[in-house]
Amino acid sequence: MEEDLLSLKGVSKRFPGVLALNNINLDIKPGEIHGLVGENGAGKSTLIKILTGAYSCDEGQMVCQGKHVHFVSTKDAFLMGIAAIYQELSLAPNLSVTENIFLGREMRYKGIGLLNYPQMTRLAREALTELGADIDMGKPVREYSMGQQQVIEIARALIANAKLIIMDEPTSSLSGREVRILLDNIYKLRQKGIAIVYISHRLEEVLEISDRITVMRDGCKIATMDKKETDQEQLIELMVGRTLEEKFPQVTVERGGLALQVTGLNRTGVLKDISFELYQGEVLGIAGLVGAGRTELARAIFGADKIDSGSVAVFGREVKINSPRDAINEGIAFLTEDRKGQGLILMHDIKFNSTLAGLKRFCKFGSFINTKSLCKEVEQLLHDLQVRPANYNIVTRLLSGGNQQKIVIAKWLCLKAKIFIFDEPTRGIDVGAKVEVYNVINRLISEGAAVIVISSELPEVMGISNRIMVMHDGRITAEFNRSEAAPEKILKAATGGINHESKFTPTIAG
Amino acid sequence: MKVSSPQPLPGDSNGHKVHFRQIMQKLGPLFGLLALSGVLTYLSPYFLTMDNIMNVARQSAINSLIALGMLLTILTAGIDLSVGSILALSIVLMGIVVVKLGMSPIIGIIVCLGVGVLLGFINGVTLTKLSLPHPFISTLGTMNVARGLALIVTAASPISNFPEPIQFLGAAFLGPVPVSFLLVLVVYGIFHIFLNYTTVGRYIYAVGGNPEATRLSGISIDKVLIIVYTISGFMAALGGLVLVGRVNSAYPLAGLGYEFDAIAATIIGGASFMGGEGTVWGTLIGAMIMAVLRNGLNLLSVSSEMQTVAIGIVIILAVYIDVLRHKAAAKVKA
């Protein structure tokens, strides 16, 4: 039998109050692509951190290339040939490509100790050429796209002679073409005998590329299967531990009055003559490729970015919106794609975050906060949104993605917003929690709110919207009712009618 | 958070642990103060006498007040380097108005505090409206301008002989307790309420924690920052008022280096330089630690040069402990 590159036996990791990893047995063979899937909080990140030496395990053994190892730092793991490429790339943006590839392992001229740039550049270029990248070695890394930067990271791992490369959500910020290039490169790495641990929410991708797939749930390994033995349905079932009957729960809500009317909105180079209407009791989905101007449209309506021309009417009344505050005063809420960066103040607790926008509501005697009524309201919100644990003193940093999203929603519910704009509401949220977010959206429209959902996940847009608007290059290129919408039609409109690359890598349609 | 002490919801196991950690976070600096006091009590019989305690209370007052203004700026992930100079310009202008021009002490006090408010307001406005990249720059500018002006208007000489009412805050005692320390307690109480129970107070924490999220929540960051720097200027002037009372003199080089004592107090008291974290009581304890340390080293006849070295070490030690605490917290998270 072929010797394992890396094997874990009975590995456990405990944090105060949680058993993050429970008796994990896992083996990685040389030159295999090993998919790793599981909901958020299943223990994938902890497992990666054990593999890369960021954490050391409490129990269990690790054998790497025949040797018992106990990593106490990432350097230990790196020296054993284990490299990791994270979702957020870890290059120094101001340094050149060569400098990044050799960062920490610079080559020097013998004797004088000065850096040997010619040799480093040559080796780096060889590695990049092998990966099919055409990159100027002297330019700072920030001038390259995410996809190219990722290739640079892979080159870095190659130069370091990595035997195992762990990739954590490597395609989450890549375009369709870049995804293709990455997958091709992964096959090249496999041919060189390098093993890959591939972690992704995009199950189709995992199914396509992996030789074997391991499913994790609640800190346990549920199964390791050959790709041929399994399919997407089964993976989802194993991940959530139950079948998802209703991926997209439906409610029937009578369409109400006109909530938002946007007419002739322009922002030079970004938005071109955008007009549309939004009614109470409906979900308007906005589909489109990354860069089509969807987020920009939301920001313009919300007053976060200036517009050059056009008008916005809220409940039939034309309004001037020059800042988020103006929009909020009109009852508009904007739930950004980047929850951690723009939605929450992570170091603060649920209570603080969920009442931040609506704080004025709890004031008496001018600007003194009535803590009692505030806490009562937060309690009610947590109950309504089914946040678990329902303790408003928990710091939001500690919450799962789904719960964090709920807190952002709570913030706007607390403000009594009437128009909700969601930008990628379920990005990075695990399958089960997605349904809960959809339920919340359904509740909002049942209560007479008007909702816009921007989403790059086609099944999601189609599953939850009453109407779907498609954007391409800053324009609205099509509009469909739920019944007329079909993936091909939407894709065609999203690519401006021309059928080139698509960003719609199918994802878990949770 | 630091708001009151709400009970964890019933049936929740997680609440207690989070709460316990928060309490530890608050009490960390207090333990430091108690330990330091314990050591000094052992080393010097005079340390734990009423006289000496009141002496420390009096000595810590000015820094305590200035540090409170500094805390606000640090909570917003900013800094105010101009407090020492603002203090100097405030008091010398008061000196000119009261001593040289013979106006009423009330007007003098109004001038003193008014100058602080005005300069603080300018700090805030230049920071926000000129879009300067960091308050380090706006307040560095003000620091030089105010110090220069203080030297110019006094022709570099001190002003003395202030009337009784102006000296009250800095010199008077209520029984054994210095009025300046009572002032500190009252002001700290007010700030506690301001930071925890008013919208602006909460917004200050929000701005420091995540400016973009705050802006998208409809809060005017500019307004919050202007308020913060204005308050910091006011607190510097108030510190100046206490200083004049104590030394009965307003001199243009007053307050030199006070900004660093104030920063040190907030940081020792557990405020985060990254913004969004820190409490008034922590800051008070931080200022007390510095005063106790200086006092103790004086009692032990350690030279002032060595004291400076000791304070430097304490700052680094205090922040290092804070770093360790954060690391522990991060571990818990994952």
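**Notebook: salt bridges and cores**

I looked up Glu126(A) and found a salt bridge with Arg122(A), closest N and O atoms 3.3 Å apart (a side-chain nitrogen of Lys or Arg within 4 Å of a carboxyl oxygen of Asp or Glu). The model is predicted: local features need pLDDT of at least 70, side-chain atom pairs count only at pLDDT 80 or more, and totals for chains, interfaces and linings use all residues. Residues are numbered from 1 along each chain as written, chains are lettered from A and ligands numbered from 1 in written order, and side-chain values use heavy atoms, without hydrogens and water.

Glu126(A) is partly exposed at 43% relative accessible area (buried is under 20%, exposed over 50%, partly exposed in between; 1.4 Å probe, protein chains only). Arg122(A) is partly exposed, with 43%.

Next I checked Arg467(A). It forms a salt bridge with Glu479(A), with the closest N and O atoms 2.9 Å apart. Arg467(A) is buried at 8%, whereas Glu479(A) is partly exposed at 43%.

I then took Asp473(A), which forms a salt bridge with Lys272(A) at 3.6 Å between the closest N and O atoms. Asp473(A) is partly exposed at 45%; Lys272(A) is partly exposed at 24%.

I counted 26 salt bridges over all chains. Asp4(A), Asp27(A), Lys29(A), Glu32(A) and Arg212(A) are linked in a network of them.

Last, I turned to the cores. The largest nonpolar core has 173 residues (buried Ala, Val, Leu, Ile, Met, Phe, Trp, Tyr and Cys joined through side-chain atoms within 4.5 Å). Leu260(A) and Trp412(A) are among those with the most contacts inside it.
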